Amino acid sequence: MNSQTSEKFLGLDHLRSLAILMVLLYHYRMFQHPDWVDKYGQFGWTGVDLFFVLSGFLISKQLFEQLKFSSNIRFKEFYIKRFFRIIPAYALTLFLYFTFPFFREKEALPPFWKFITFTQNIGLDLLHFGTFSHAWSLCIEEQFYLIFPIILLLFLKFKKVSYIKYFLLFLLLFTLSLRIISWQLLIVPNLNSSDLWRIWYMKIYYPTYTRLDGLTIGISIAFFYEYSKRFKNFVNSYGNQLFLIGLIIVGFSFWICSNQISQLASTVGFTTVSIGYGLIVMSAISKSCFLYHSKSILSTQLASLSFSIYLTHKGIIHLTQIVLQKLNIDNEGQIALLICFINCIIISLFIKYLVEKPSSKIKNYMLKIKS
C-alpha cells in the first residue's frame, strides 16, 4: 500500500491481523457459535474502526509524501493503485452475491447500483437489506479515497497546506456533532420503539458523516508524522508508552460502549475508540516499540489476506455451516468455528493468487513499474 518512498511499518501488520480477527469473531455471532464468542466477540465491531485508522494513516501518508517532496499530487497513479487494489476482489464478491443466492448469509440485497456507486452505507436498512451489509465500511473508505486527494489539492492551490491540521480538527468535531444531533433528533424519539436497533444502525452507525473519527485520526497521525519533526521524534521515543496508554483508552472505550446504543456510546464512544486505536497505531510505527521490531510471518500473511477475508467471510461461514450441518457436525462447537475460519483463509488465498496478484501485475504495467 505504500509508495516507493514510504517506510515499511511491520508493526502495522500485527494491527491489521488483529482487526480482521476481531471482525471475524464479531460477525460469527450471527451464525451458530460457541457461547464464549458472545462474550469475547462483542467488541469486535471496533476492528472496523482500527481498519479506518490504519487506512487513514497509510493512504494519506502517501499523499502527504507527494506533497512534501514534489508539491503535487499524482492523481493518475493514486487512483490506478486504489482501483486495482480494491475493485477486482470487490467485483468478484459482488458477482458471488448477485449470481449465487445460496452464497448470501441473509435473504435480501440492497440494489446493485448502491454497491457499484459505493453508497450502500447511506440509508442502509439492516433489517430488510442485511446481506453483504459489511460493505458499508468499504463505501466510506472509497468515498474517502475519492474526495480527500481533491481536498488536499485545494489546500495546495491556495498554499495553505499547514492549515490541514485545522481542517482535520474541524472534521473530528463535525462528525461528533452530527452524532449528537442525530441522537437527539432521530434516536431519542424512538428509544421505546421496537425498531430502535434498525434506526440506530441506519442513522448513527452506517452513515459516512457520523463515522469519520477513525479516518480523521489516521490522517492526523500521517500529517504530523510527515510535517512535524517534534511529533515524529516523540512517536519514535515513546512507542511502548503510547501502546500502553492506547490500550488503556481502548479498554475504557469498551466500557463506554458496553451498551452500544446508549447516548454516551453513540456520541463520544466512537471518538474514544478511534483515539485509543490511533495511539496504538502510533506505537506500531515507533522505532522504540516492541511492535515495530517484532516480525511475524503469520501476521504478515494474515494482513495481506485481510481485505479478501473481510469481503467474503460472511458468505463463506454461511456455506460452511450448511455443509457441516449436512455432515452432522455441530455448528455450535469449536471445531466448526475453526473450520469456518480456515475456509475463510483458504478462499482468500485463492482470491490473492487468482485475482489480486494478476490485477497487481496489470497495475504495475499501467504505471510502468517493474514487478
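Me: As I have it, buried means under 20% relative accessible area, exposed means over 50%, and partly exposed is in between (1.4 Å probe, protein chains only). What share of the 371 residues in the protein chain is buried?

Reply: Buried residues account for 56% of the 371. This is a predicted model, where local features need pLDDT of at least 70 and side-chain atom pairs count only at pLDDT 80 or more, while totals for chains, interfaces and linings use all residues. Residues are numbered from 1 along each chain as its sequence is written, and side-chain values use heavy atoms, with hydrogens and water left out.

Me: OK. How many helices and strands does the protein chain have?

Reply: The protein chain has 15 helices and 0 strands. Its radius of gyration is 20 Å, close to the 21 Å that the globule rule gives for 371 residues, so the chain is as compact as a globular protein of that length. That radius is taken over C-alpha atoms, and the globule rule is 2.2 Å times the number of residues to the power 0.38. Helices (H or I, at least four residues) and strands (E, at least two) are DSSP runs, numbered from the N terminus.

Me: And what does the C-alpha trace span along its principal axes?

Reply: About 60 × 55 × 40 Å.

Me: Now salt bridges. How many does the structure hold?

Reply: There are 11 salt bridges in the structure. The term covers a side-chain nitrogen of Lys or Arg within 4 Å of a carboxyl oxygen of Asp or Glu.

Me: Take arginine 16. Which side chain does it meet in a salt bridge?

Reply: That of aspartate 13, at 3.0 Å from N to O. Both residues belong to helix α1 (residues 11-28) and are 3 residues apart, about one turn of the helix.

Me: Is each of them buried or exposed?

Reply: Arginine 16 is buried at 13% relative accessibility. Aspartate 13 is buried too, with a relative accessible area of 5%.

Me: Which residue does glutamate 226 form a salt bridge with?

Reply: Lysine 61, with the closest N and O atoms 3.1 Å apart. Glutamate 226 is in helix α9 (residues 213-227) and lysine 61 in helix α3 (residues 46-70), so the pair ties together parts that are 165 residues apart in sequence. Glutamate 226 is buried at 8% relative accessible area, and lysine 61 is buried at 3%.

Me: Which residues are linked with them in a network of salt bridges?

Reply: The network links Lys61, Glu65, Lys68 and Glu226.

Me: What about aspartate 213, where is its salt bridge partner?

Reply: Aspartate 213 pairs with arginine 179, the closest N and O atoms being 2.6 Å apart. This pair links distant parts of the chain, with aspartate 213 in helix α9 and arginine 179 in helix α7 (residues 164-187), 34 residues apart. Both aspartate 213 and arginine 179 are buried.

Me: Changing topic. Which residues gather in a patch of negative charge on the surface?

Reply: Asp35, Asp38, Asp330 and Glu332. Patches are made of residues with over 30% relative accessible area and no salt bridge, with like charges joined within 9 Å and nonpolar side chains (Val, Leu, Ile, Met, Phe, Trp, Tyr) within 5 Å. Accessible areas come from the Shrake-Rupley method with a 1.4 Å probe, and for residues only the protein chains shown count as cover. Lys and Arg count as positive, Asp and Glu as negative, and His and the chain ends are not counted. Each charge is placed at NZ of Lys, CZ of Arg, CG of Asp or CD of Glu.

Me: Where is aspartate 35, and is it buried or exposed?

Reply: Aspartate 35 is in helix α2 (residues 35-41), and it is exposed at 69% relative accessible area.

Me: And which residues make the nonpolar surface patch?

Reply: Leu338, Ile342, Ile345, Ile346, Ile347, Leu349, Phe350, Tyr353 and Leu354, giving about 810 Å². Leucine 349 lies in helix α15 (residues 334-366) and is partly exposed at 31% relative accessibility.

Me: Last one, backbone angles. What is phi of phenylalanine 132?

Reply: Near 55°, a positive value in a residue other than glycine. Most residues other than glycine have a negative phi. Phenylalanine 132 sits in the loop between α5 (112-116) and α6 (136-157) and is buried at 0% relative accessibility.

Me: And where is asparagine 328, with what phi?

Reply: Asparagine 328 is in the loop between α14 (297-326) and α15. Its phi is positive, about 60°, although it is not a glycine. Asparagine 328 is exposed, at 72% relative accessibility.
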